[in-house]
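Hi there,

Here is the structure I promised to pass on. Have a look at it first, and then read my notes on its aromatic rings below.

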Amino acid sequence: MLAFPNAKINLGLNITEKRPDGYHNLETIFYPVPIEDALEINLLHEGNGKYRLHQAGLEIAGEADSNLVVKAYKLLDEVFGLPPVDIHLFKHIPSGAGLGGGSADAAFMLRLLNEKFNLGLTDEKLEELAARLGADCAFFIKNRPTYAEGIGNIFSPISISLKDYQIWLVKPDIFVSTRDAFAQIKPHRPTMSLKEIAPLPVEKWKEYMVNDFEESVFPQFPAIGEIKEEMYRQGAVYASMSGSGSSVYGLFKADSALPEVDFGEKAFVYKGRLADKVL
C-alpha cells in the first residue's frame with residue numbers, strides 16, 4: 001500500500017506569547033504543497049522484529065526507532081497489536097526546511113495503517129493520535145488549509161484558496177536550528193490577526209502578513225533573506241520564509257513564467273501549481 005506524504009507552507013507566523021512551560025503560543029495558517037515523499041507498507045514475512053524500515057532519497061539523521069513513521073506504527077501497535085510491517089520511505093521533502101516533511105510522513109503512516117488493517121479510525125481520532133506525535137502532524141490528516149493556534153496544535157478551518165497561483169520554493173544549503181530561530185524572538189500580539197489578513201487579496205499580503213522568525217533568522221543567515229528579496233525582484237506577489245526556516249517560497253500569478261535563478265547546486269528548488277487540498 002503506497003501513499004505520497006506532502007509538504008506544507010506557513011502563510012504568516014506570529015509568535016504571540018511565551019508560555020509557563022517554556023513553549024511559545026503562535027498563530028499561523030498551514031497550506032498544503034505538492035512536494036512529496038513516498039511511503040509504502042507491506043506485511044513483513046521474515047525475521048522476528050515488528051517492523052523493518054528501508055530509507056532512500058534524502059538522508060535522514062538518527063536511528064530507525066526515532067523516525068516518525070516508526071513512532072506512528074508503534075503508537076497504533078500498542079492499541080491494536082498490529083502485524084509486523086515492511087516500511088519503505090523515500091525522502092524528497094528536505095528536512096529542517098519548515099515544510100513539515102517528518103510530520104507528514106507520520107500522519108500518512110497512521111492513515112495507511114488504518115486503511116490497510118481496517119482499524120475503523122475516524123479522521124477526528126486520527127488527528128488526536130497524530131497530535132501525540134508532533135504539534136503539526138494532525139494537520140496532514142485532512143490536509144486542507146488550516147488556521148493553527150496554541151503551539152501549532154489547535155486547529156480551525158479557514159476559507160482560503162491559492163489554486164490560481166504558482167509557487168517557487170527554495171531551500172538553500174543552510175540549516176537553521178530551533179535555537180537559532182528563537183534567538184531574537186520577542187513575542188507580541190499582532191495588530192491584525194491572520195484570520196483578518198487571509199481574506200485580503202494576495203497582492204495585499206506583503207503589507208500585513210509576516211513570519212516573525214524572519215526577524216531572527218535573516219540577520220544570522222543573510223542568504224535566506226536574499227532569496228526572499230530575489231523572489232520579489234522576479235515578480236512574486238507574496239514571498240515568505242516557511243515555519244522557522246530555512247526554505248523561502250514565492251507566490252506567482254498563474255500566467256507568470258517562473259524565473260530561472262541559480263541558488264547553488266546544493267539548493268533544493270521546487271516550482272509548481274497550488275491547490276486547495278493534496279491527497
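This is a predicted model: local features need pLDDT of at least 70, side-chain atom pairs count only at pLDDT 80 or more; totals for chains, interfaces and linings use all residues.

**Notes on the aromatic rings**

Arg 111 lies over the face of Phe 108, 4.5 Å from the ring centre.

The structure holds nine aromatic pairs. One of them joins Phe 30 and Phe 155, whose centres are 6.1 Å apart with 85° between the planes, an edge-to-face arrangement. This pair bridges distant parts of the chain, since Phe 30 belongs to strand S3 (residues 24-36) and Phe 155 to strand S8 (residues 154-157), 125 residues apart. Phe 30 is buried because its relative accessibility is 4%, under the 20% cut-off. Phe 155, at 27%, is partly exposed.

Another pair to look at is Phe 182 with Phe 213: the ring centres are 5.0 Å apart and the planes stand at 90°, so this pair is edge-to-face. Here, too, distant parts of the chain are linked: Phe 182 is in helix H5 (residues 178-182) and Phe 213 in helix H8 (residues 213-220), 31 residues apart. Phe 182 is partly exposed, with a relative accessible area of 28%, whereas Phe 213 counts as buried at 4%.

Finally, which residues do ring pairs link into a cluster? They are Phe 30, Phe 139, Phe 140 and Phe 155.

Best wishes

Terms used
Residues are numbered from 1 along each chain as its sequence is written. Side-chain values use heavy atoms; hydrogens and water are left out. Rings of Phe, Tyr and Trp (its six-membered ring) pair if their centres lie within 6.5 Å; planes under 30 degrees apart count as stacked, over 60 as edge-to-face and the rest as tilted. Helices (H or I, at least four residues) and strands (E, at least two) are DSSP runs, numbered from the N terminus. Buried means under 20% relative accessible area, exposed over 50%, partly exposed in between (1.4 Å probe, protein chains only). A charge sits over a ring if NZ of Lys or CZ of Arg is within 6 Å of the ring centre and within 35 degrees of the ring normal.
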